[in-house]
Amino acid sequence: MSNLLELRNVTKVYSRGVINANATIALQDISLTLKEDEPTIMTVAGESGSGKTTLAMLLLGFITPTTGEILYRGKNITTLRGKDKLAYRREVQAVFQDPFAVFNPFYTVDHLLTVPIKQFKLARTKAEARKKMEEALTAVGLRPEDVLGRFPHQLSGGQRQRINVARALLLKPRLLIADEPVSMVDASLRANILETLRNLQRDHGVSIIYITHDLTTAYHIAKSIIVLYRGGVMEAGDVDTVIKEPQHPYTKLLVDSIPWPDLNRRWGEQQIKVREGGGRSHGCPFMSRCPAAMEICKTQPPLYELNSHHTASCYLYSQQPEVVRERLSAFLPS
Amino acid sequence: MNLATADNQAGTRRAPFAAGTQTPVLKVENLEVTYYTDLGRAKALDDVSFDLHAGQKLGMVGESGSGKSTLALAMMRMIKQPGRIEGGTVTIDGTELMGLKDEDMRKARLSKIAYIPQGAMNSLNPVTRIGEQMVDAVKSHLNGQSRAAIHERCIHALKSVDLDPAVFRMYAHELSGGMKQRVCIAIGILLEPKVIICDEPTSALDVVTQRQVMETIDRVQKQINAAVILIGHDMGLMAQFVDKVAVMYAGRLVEISTVREMFTEPKHPYAQALISSLPNLDNKGVFQGIPGLAPSLLRLPSGCAFHPRCPYASDRSRSEKPKLKALPGGRMVACHLYDQDALNV
C-alpha cells in the first residue's frame, strides 16, 4: 500500500527581523500519512492562528517547511520537476474560503474552467472541452446552461463556491484541500456544498483535507479529525469520538463553544481565558488558558493513546501509553 | 455613564415577551425600501412592521439578499442611492426617526440607535489610535463635555466589553479580530443607545471568540437595558442568544416567534425548511438544504414570494400576497395556511 501524501516531522517557523528576535512557530512537528487507495475526509480544526492555513499552504507547495519534508507519492514536493511536478499540480487541488475573491470579475465563468483544461491539455477539441466542463458542473449540482457564459457577479456565493469545486473536479485530483469552503456561504447552501464534497470522496475517490473552525460541519462530513492549537496537535482521532467525548481541555472548550441550534444545549458556563499574544513558550501551547494547567505543563506534553482511534497531547492522560508523533496517522480512521 | 445602577434595574425587570402594557422602545411600521437599478425596481423591504421592548433581543434571519441589512440601514436612515425609503415609520422611545431633520438624525445615531455593521472590525481607522476614534464619536454628540469626562466615558465603555484600558492608546493592527470587534461594540454603547443593531457581528470569528463576543454583547445589553437586533444566518447563534426570531424572505417578514416556538414548532414553510436544514449530532451525514434558489428581487414571483419552493403552495399562494397576521399566543406569520387561526385585528 503506497502513500499518496506523507508529512515527516514538518515544522514551519515564520521569523521576523534579522537576528531572529521574533519567531512564530506556525506548525510544530506534524507527521501525517494519507493512503493512496483509501480516500478519506480528514478535518483539520482549530481557531485562527492555529496553523491550519499554514498546513494547507504547505501541502499545496506554496511555502516550504522549515524542517521536515513533505512527500507526494514518495517524492519530496520541493524538488519535484518536470512531469512529476505537473502531475502533482494537477492531482492536488484547492478550494479556498472566499468565493467572492477568487474570481476575476472581467472574465466569464468559462474562463476559470477553460484555463486548467488548456494548461493540462485535458481536451483535444473545443467540443470535448465543453463536454468536460458540463460534466464537472453537473457533478456538483449546477445546470451548465445556468452558469456558463455568465459573469461572477451574476452568481450567488453558493454557486460560485460550487464552480470552484467543479474546477477542481475537472482535473480529476487525488487530493482536495478545502480551506474553510463553507464559512462564507449561507447556511441553507452549506448543506449542498458539503454534500458535493462528500460525493466527491465517495464516488470519485478523492481524498479531502477539510480545514475549518466549524466543528459542526466537520462532524457531518469527516471521518477523522486533528485539532490544532498554535501549531501543535492537541487531539486527534475518530471524528465521532473526538466531538462527542472530547478529552483535551482545548477541544472541550471548542466543543463547548459551538452554538448548537438546540435550545436544550446551551453554551457552557466555563469562563474563557483570553489568549495572550506574542510567541509561545516551550510547554503546552494551551497552558495559559487551560483550567487544568499543572506545573508539568511547562514542558511539551507528548501524545497519549486513549484508545485505538483517539489520542490527546495532555498530561491529564499521562498514565496512558505514550505515542511517538510519527504514529499520529495510525489513530485516524479512513 | 451610569452603568452600575442601570445594571441593577435590568436585573430586576427583564421585559416579558408578550408585554401588552409596556410601550415598546422600538416600533417599526410599514417600512418600505426600493432600489432603483438599471434593470428595474427592486423592492428590498416590503411593508415591514415589528416592535421590540427594552431589554429584548431579536434575531433577524434570512438568506443573503432577503433584506436583513437593508432593514438595518433603513432604520439608521443610511440607505444610499439608488435606494430610497418609500414609506413607513421608525419610532424609538417616542421619537419618529423618518421625520427628523438630517442634523437631528445624525445626533440620534449612536445616542438613540447604534449600528454595528458587518465586518465592523475592518472599519476602524488604521492610522489613528482607538481612543481618538472613540473620543471623536462622543464629541460629535455631546458638546461641551470636559476632556476628562469624555476620557472616563471611553475607558468605562472599554472596561465594560472586557478590554484593557490600555487599548485606548493602541492602533487597530495591534488587536486581534475579537478585540477589534469588541472595540466596535464599545463604540456602539458609548452613548447608551436604546436600540443596538448588530449585523453579523461574529461571521469572521472562530467559535471560541464568537462566544466571547456574544457574551460581551449580552452583558452590555443588560447593563444599559437596550433592545438588540441581531442580524445573521446562523440559527445556532440565534438559539444561544436571542429571545425572539424574525424570519425574512425576499424583503418581507414571514414569521416572528419566540425562539422556543421557532425551534420547536416553526409555522411558515420557509421557517420549517430553515429549521429542518440545521445540522445536529443525531443526523450525521444527512445534508438537507432548502430546494430551489432565492428569488431575484427584480423578478419576484406573484403572490407569496416563497411559493415556487413551497411544498404547500396553493392557487391562492400564487395569486395573493399573504399578510403578516397574529396567531393566538402573540406570534406572527405571513402564510395562507394559517388564515383560520389568525386573530382578526
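This is a short tour of a predicted model, stop by stop.

Before you click, note that residues count from 1 along each chain as its sequence is written, with chains lettered from A and ligands numbered from 1 in the order in which they are written. Local features here need pLDDT of at least 70 and side-chain atom pairs count only at pLDDT 80 or more, while totals for chains, interfaces and linings use all residues.

**Stop 1: the two domains of chain B**

Colour residues 3-12 + 23-257 of chain B as domain 1 and 267-338 as domain 2; such bounds come from an automatic or database domain assignment. Their C-alpha centres sit 28 Å apart. Where they meet, domain 1 supplies 20 residues and domain 2 supplies 18, with contact meaning C-beta atoms, placed from the backbone, within 7 Å.

Now select β2 (40-52), β9 (244-249) and β10 (252-258) of chain B, the elements giving two or more residues to domain 1's side of that contact. Helices (H or I, at least four residues) and strands (E, at least two) are DSSP runs, numbered from the N terminus. β10(B) gives the largest share, 6 residues. By type, domain 1's side has 10 nonpolar, 6 polar and 4 charged residues; Ala, Val, Leu, Ile, Met, Phe, Trp, Tyr, Cys and Pro count as nonpolar, Asp, Glu, Lys and Arg as charged, and the others, Gly among them, as polar.

**Stop 2: the core**

Next, pick Tyr210(A), Val227(A), Ala186(B), Leu190(B) and Val247(B), which touch the most other members of the largest nonpolar core, a set of 195 residues. A nonpolar core joins buried Ala, Val, Leu, Ile, Met, Phe, Trp, Tyr and Cys residues through C-beta atoms within 7 Å. Buried means 20 or more other C-beta atoms within 10 Å of a residue's own, again placed from the backbone. Helix α7 (residues 207-224) of chain B gives this core its largest share, 7 residues. Both domains of chain B contribute, so the core lies between them.

Zoom in on Val247(B): among the residues it touches are Val61(B), Val254(B), His268(B) and Leu274(B).

**Stop 3: where the chains meet**

Show both chains: 31 residues of chain B contact 29 of chain A. On chain B's side, α7, α8 (235-241) and α9 (259-264) each give two or more residues.

**Stop 4: a covered helix**

Finish on helix α10 (residues 249-256) of chain A, where 6 of 8 residues are buried. Tyr250(A) and Leu253(A) are among them. Its cover includes β9 (224-229) and β10 (232-238) of chain A, together with α7 of chain B.

Methods
Two residues are in contact if their C-beta atoms, placed from the backbone, lie within 7 Å. A residue is buried if 20 or more other C-beta atoms lie within 10 Å of its own, exposed if 12 or fewer, and partly exposed in between; C-beta atoms are placed from the backbone. Lists of a residue's contacts leave out its neighbours within four places in sequence.
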